[in-house]
Amino acid sequence: MRKSGFKLVVVSLVVLVLAGMLTGCGDSASKDIKIGVLNEMTGGNATMGTSSANGAKMAIKEANEKGGILGKQIQAVIADNKSEPSESANAMTKLASQDKVVAVTGIFASSNAIATSSVAEATKVPFVAVGATNPKVTVDEASGKVKNYTFRVCFIDPFQGTVGANFALNTLHLNKAVILVDNSSDYSKGLSTFFKEAYIKGGGSILAEEAYLQKDQDFKTILTKIKAINAEIIYIPGYYEEVGKIVKQAREIGITVPILGGDGWDSPKLVEVGTSAALNNTYFTNHYSVDDTSATSQAFVEAYKKQYGQVPDAMAVLGYDAANIIIDAIKRANSLDPEKIREALAGTKDYPAITGSTTLNATHDAVKSVVIIEMKDGKQVFKATVKP
């Protein structure tokens, strides 16, 4: 979602320079330790952002109940990016320069995370992305260098795209695909590229690539074109709002082939928009499944249900994991200095996260397994776990 709003990123950074606020710092005299929780609370990705924020708040609440860290309680400073890159940069600017947070977590959409990371690097305030999977989140596209202050707790799209392609080829045995990509999304464009590369390498054929934009409503013209191609599978690496509409309209015009996507599908609203019947015979790659029977996972699910009255989705789990990894880093740093917290984050190894043992590698990415989910009668059904 690279939009003209990126000009506001530059404006925000200029304001920071002029104000002399480019170095984030914790307020050692403050009663609380402030951690920013920046998410898509409104806008097109609101359900995911809300889940991520809920997970982070639960982690912080639990840490406070255990006495906090460094003799202080933790305060979650909540911020909304309105599902927009420019608002992400503006919110991160406020968190760093005005709220004086020691670190920030959140963000699902890659375009929003890329905008946020620009401010994190300038202010030198550590930022841990929750579900942003595009490689450009942690590695600068122009220089190819790893961003010093940006991290993430999720897998990245080269792996996710490869898993999706191999699932289509080797499990579903479908060798002719059409890709339908959201051209307004870095996430969608990146994931489609990696899927395509792996699919062709594995012996599959991409019959066509079509495009749409976020907030589009009517997809039947594109879908009618796709129907005539007679593909065996359609790959849609988009977000739940548009995906639900696309799948529903595809079934309405008689497209019955399997439809496959990525983690952007994971929202309760997917079924609300797409309908349970239309979503049968669809699959997506994801970070987590509530069918995970481990004791830690089931304890988390029960605690989350008790606190929020609903079953957690993957973003809730990742939000929880990300906040806990920041808390762990502050403990290991034994300091509120963002530079020391950054160093501790970079040294994160084998952290026992709900989504699996987490080590942040040289590019500040988590090496994680991918879960494959099938939609059946409106429910997510675990299919497989694929390890890196």
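Predicted model: local features only at pLDDT ≥ 70, side-chain atom pairs only at ≥ 80, totals over all residues.

I started with the secondary structure and found 12 helices and 14 strands in the protein. Here helices (H or I, at least four residues) and strands (E, at least two) are DSSP runs, numbered from the N terminus. Next I checked the radius of gyration: it is 20 Å, close to the 21 Å from the globule rule for 388 residues, so the protein is as compact as a globular protein of that length. That radius is taken over C-alpha atoms, and the rule is 2.2 Å times the number of residues to the power 0.38.

Residues are numbered from 1 along each chain as its sequence is written, and side-chain values use heavy atoms, with hydrogens and water left out.

I then looked at the extent: the C-alpha trace spans about 65 × 45 × 35 Å along its principal axes. Of the 388 residues, 56% count as buried (under 20% relative accessible area, 1.4 Å probe, protein chains only).

Then I turned to the domains. The assignment, which is automatic or from a database, gives domain 1 (33-155 + 293-369) and domain 2 (158-286). I noted 28 Å between their C-alpha centres. Where they meet, 22 residues of domain 1 are in contact with 20 residues of domain 2 (heavy atoms within 4.5 Å).

Conventions. Buried < 20%, exposed > 50% of the residue type's maximum accessible area, 1.4 Å probe, protein only.
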